[in-house]
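Have a go at each task before you read its solution.

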Amino acid sequence: MNTVIETRDLRKTFGATVALDGLDLTVPEGEVHGFLGPNGSGKSTTIRILLGLTRPDSGHTSLFGGDPWADATELHRRVAYVPGDVALWPNLTGGEVIDVLSRLRGGIDEGRRADLIERFELDPRKKSRSYSKGNRQKVALIAALASDAPLLILDEPTSGLDPLMERVFQDELRAARSRGHSVLLSSHILSEVEHACERVSIVRAGRIVESGTLADLRHLSRSTVHAVVRSPVAQDISQWAGVSDVLVDGGRTEVRFSVDAPHVGDAVSRLDRLGLTSLTCEPASLEDLFLAHYSAPPEGVPVA
Amino acid sequence: MSTLTGTGTLLHLAWRRDRVLIPVSLLALTALSVGSAQATIDLYPTDEAARNGLGSVLTNPSVVAMYGPVAATNRDALSVFKTVLMGAVFVGLLAYAVVRRHTRLEEEVGRLELVGAGVVGRRAPLTAAMTLAALAVVGASLLTTIGLIAVGLDATGSVAMGVAWMIAGLAMVGVTAVAAQLTTSARACAGIALSALAAMFVLRAIGDTARGSVAVISWVSPLGWASKVSAYGGNRFWVLGLAVALAVALVALAFSLLDRRDLGAGLVAARPGPARAKDGLGTPLVLVWHLARPAALGWLAAFVILGAVLGGLVGSVADMASDQSVVDMLKALGGSAGSITDIFLATELAFVAVAAAAAGISLALRLASEERAGRGEPVLATATSRNAWLGAHALPAFALPAALLLALGLVVALVSGGQDEAPGTVSMLAASASRLPAVAVLVAVALLASAALPIRAPAIGWGALAVAFALGEFGATVGLPDWLVKVSPFAHAPQLPGGNFSPTSAIVLCAVAALLTGLAFSAYRRRDAA
C-alpha cells in the first residue's frame, strides 16, 4: 500500500520553544488517521510542515512521495485543508469563499457542493463577517469535502459544530473513506476520533508516544473490572498479577480494580473460584489511553 | 448598572494598548510645529524680516489651498503658517485612529463581545475611546503651546495655536464616533471618517482661495475653523466653542445610534450577497483585486476630485505671476524652473505623489494583514504558490499609484485646458508619470516588509513614507544636511512640468524598487508562513 504521509524524526523549534521533538508519523493511502494531542503538543506545527507552510529544522517529510516545501503548489492540488481557526474574508459571502478556495485549489464537485451546503444547513448568501465560528468552519469543511482531493488534512475541524452537524461530519468522513481518500484528522475530541478513525497517533510534547489501531492500543492498556462474588475476597487481591487500583466494599463481596490486558483471564478465573454473580469488564477508552499518557510528565522532556 | 460602568477600566486598558502610539505621535507633532517655528525665526528674527521674506508669498492661492491663510504678517504667525493646518490634520488623524481602534475595530474582531459580557455598561467602550482620544488631542495642543512659548513665540498666540489643533481633533473624535456606529466593517468606518476629513480639507481649500461670498464656505469645515482661530493674529478663542458644540452634537448622535443597535451590528444592515462567486474569481490576482477594489475606487475618486480642484486653480495661479517672491517661495517648496503655472503644478504633484504612495503602500501591506488575520494560510494551502500570492499583491500595489497619478494628470489637463498658461495633456501626463519611480521605491519597501516581517510591516511601510515625506517636505526647511534629505526618494523626483527630467535618477529609483521587490520575492519564498 502506498504511503500518503510520512515524517521521520521531524524537529522544529520556535525560539526557546520546542514544538516538534523527533516526530514520526505515517499515514497509508485510504486510511482515516486520528492525530491526537492536547493544545500546544505540536499537531498544528506538524500539519503546517506537511502543507509546506513551515519548514522543519531537521527530519524528513514526504507527502505523496514529494517534498511538501519544494513541491507545495503541485502537491496542494491533491490536498484539501481545513485550518483549526478558520478566518474568512469578511466582505465575501460563504458561497463565494467556497468557490474561491476550491478554484484556487483546482476544482470542485458541483453536486457534492450543493449537497453539503444543504446538509450542513449553511446559508451561502451571508457575508462571512456575520458567520459564527461554527458557520465559518462549515464553509471551510464544505470547500474541503466537496473537492476531489485524495487527501484531507483537518485540524480540529469540528470544535465549533453542534452535535447534529458533528454527525453530518462523521458521515462525510465515512463517505470520503469509501471513495478511497485518506484523512489526517487532528483532534482532541476523543469520541470523534474513536468513531471515525482506524488508526490513531498520540502526540505529546512534539513526539508520537503511541500509534496503532484502537484495538492495538487498547490491548496495550488496562481494563476495568467490576465484579460481585458470593464468598468474600481475600486481602491479597492487590497482589494478583497485573492488578491495581483495588476498591473493595464493606461486605468484601463487591470489588472494582484495573488489570493489565495480559492478566485479564487470570484475574477472572480467580474471581470465578469465589462464585461470580456479576461481572463487567471494560476495555480502556481512548480517554483512558489519553489520560494515561498525559497524567505523568514526559520522560526526558522538560516541562514547558 | 449604569451605561457607563467600567469606563475607567476600559480607559486604562486603551491607554495600556496605546502607550507607544500616543506619546510618539504627540512628540512628533510637537517637534513638527516647534522645529518649524524655530527654523523660521532663526532665518527671520524680526517681524519686518519675516514680512519681507515671506509675507507676500503666503497670499498665493496654491499656498493658501495647501496650508491655509496666514493669520497675520508678523514673525510668529509666519513661523507657524506651515504647521497650523497640517498639524490640525494630523491631530484629527490621531483622534480618528484612537477612536476607531477601540470601537469598531474591537467590535469587528469580536473582542468587544468579550468585554461587553463583563460588568461593562453599554456606552462604556465608546466613552473610554472618545475620552482617550480627547485626552490625546488636548495633550498635543498643550505640548505644542508650551513648546512654542519656550522658543519665544507670543504666549496668547501659542495658546490659540493649540486651540486650532484642538478644534480639528475634537471634531474628528465626534466624526469617528458616529462613523463607527454606521457600518459593521472597520474598513468602511475608516472610509467614512477619512472621507469626512478630506471633505473638510477640500471645502476650506475652496473657501480660503475663493474671492467674494464663496469664502464663507470655510466656515462649514472644522479644518476651516482651525485657520479662523487666526493664531498670532486675531486669536479668536471663541471658535473653539463651535468645535465643542459640534463634538457634543456628534457624540450625542453616536450615543443615540449606539443605543438603537445591537453589538456587532451597524445602522446599515448587511444585505445577503451572491451564493456563488463570479466566474473569474478564482485566481490570486482577481481575488486580491476583488478585495481591494472598494478602497482603490475610493482613492481614484479622491484623485479625480483633487485633479479637478488643481486644474481649476491653474487660472488663478497665473494671476500671481507678476510677484517674483511667489516664484521663489514655490521653488523653495519643491517647484522648479518654468512658468508660474508649471511651478505651481510641480509643487502640488510633490504632495500628490505622497498620497499615491500611501495608496500603493496600503495595498502592499495587505499581504501582511491577510497573513496576520489567518487568511493567507488557507490560500497558500491551495495550489497557489508563494510567488503567485506575493505577485498578486505586488501588481496592484504598483499599478494603483500609477493609475491614480495618471488619472489626476489627465483631469488637471482637461479641466485647465484652454487656459493660456496650462501645460498640455502630454506634458501633464509625463509630469505625473515622472513621480512614479520615487513612489515605486516606497511601495517596494512596504512589499519587502510584508514579505519578510509581516508583524512589523505596517510600522515599516508607513514609517518609511512618513520619513520620506518629512525629509522631502521639511528637511531643507529645518536645515538638515543635503545627503540626509537625499535619502528620501521624493528628493530625486524631477520637478515637472517645467523642470528638467533626469533619466539617471529615474533609472536608479526604478532599479532600487526592482531590487527591493526581488528581495521581497526571495524572502517570502524562504520563510515560514505565519
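**Exercise 1.** Find which residues Arg375(B) is in contact with, leaving aside its neighbours within four places in sequence, and then work out whether Arg375(B) counts as buried or exposed.

*Solution.* Keep in mind that you're looking at a predicted model.
- Step 1: start with the location. Arg375(B) sits in the loop that runs between helix H17 (366-372) and H18 of chain B.
- Step 2: list the partners. Once the close sequence neighbours are set aside, Arg375(B) is in contact with Ala87(A), Trp89(A) and Glu370(B).
- Step 3: count the surroundings. Arg375(B) has 20 C-beta neighbours inside 10 Å, so it counts as buried.
- Step 4: Pick Ala97(B), which is 278 residues away from Arg375(B) along the chain; their C-alpha atoms are separated by 24 Å.

**Exercise 2.** Describe the side of chain B that touches chain A: how many residues are in the contact, and which helix gives the most?

*Solution.* 
- Step 1: count both sides. Chain B brings 28 residues to the contact, and chain A brings 31 residues.
- Step 2: look for helices on the chain B side. Helix H14 (284-319) and helix H18 (376-380) each supply at least two residues there.
- Step 3: pick the top contributor. That's H18(B), with four residues.
- Step 4: sort by class. The chain B side has 16 nonpolar, eight polar and four charged residues.

**Exercise 3.** Work out how chain A and chain B are divided into domains, and how far apart the domain centres lie.

*Solution.* 
- Step 1: take chain B. Here you get domain 1 (1-267) and domain 2 (280-530), with 26 Å between the C-alpha centres of the two domains of chain B.
- Step 2: You'll find ten helices and 13 strands in chain A, and its C-alpha atoms fill a box of roughly 70 × 45 × 35 Å along the principal axes.
- Step 3: check burial in chain A. Of its 304 residues, 43% count as buried.

**Exercise 4.** Describe how H6(B) and H10(B) cross.

*Solution.* 
- Step 1: Two packed helices are described by the angle and the distance between their axes.
- Step 2: The axes of helix H6 (residues 83-102) and helix H10 (residues 155-182) of chain B come within 7 Å and cross at roughly 35°.
- Step 3: H6(B) passes H10(B) in a right-handed crossing.
- Step 4: name some of the residues. Among them are Gly87(B), Val91(B) and Ala95(B) from H6(B), and Ala164(B), Ala168(B) and Met172(B) from H10(B). By class, the residues of this contact split into 16 nonpolar, four polar and one charged.

**Exercise 5.** Find which residues have the most contacts inside the largest nonpolar core.

*Solution.* 
- Step 1: find the core. The largest nonpolar core has 233 residues, and the ones with the most contacts inside it are Ile167(B), Ala353(B) and Val443(B).
- Step 2: see what supplies it. H10(B) gives the largest share of this core, 18 residues.
- Step 3: look for another core. Apart from the largest one lies a core of nine residues, including Val225(A), Ala227(A), Val255(A) and Val259(A).

Key:
Residues numbered from 1 in each chain as written. Chains lettered and ligands numbered in written order. Predicted model: local features only at pLDDT ≥ 70, side-chain atom pairs only at ≥ 80, totals over all residues. Domains from an automatic or database assignment. Contact = placed C-beta atoms within 7 Å. Nonpolar A, V, L, I, M, F, W, Y, C, P; charged D, E, K, R; others polar. Buried ≥ 20, exposed ≤ 12 C-beta atoms within 10 Å, placed from the backbone. Axes fitted to C-alpha atoms, helices over the stretch in contact; angles between N-to-C directions. Left-handed = near helix turned anticlockwise from the far one by under 90°. Core = buried A, V, L, I, M, F, W, Y, C linked by C-beta atoms within 7 Å.
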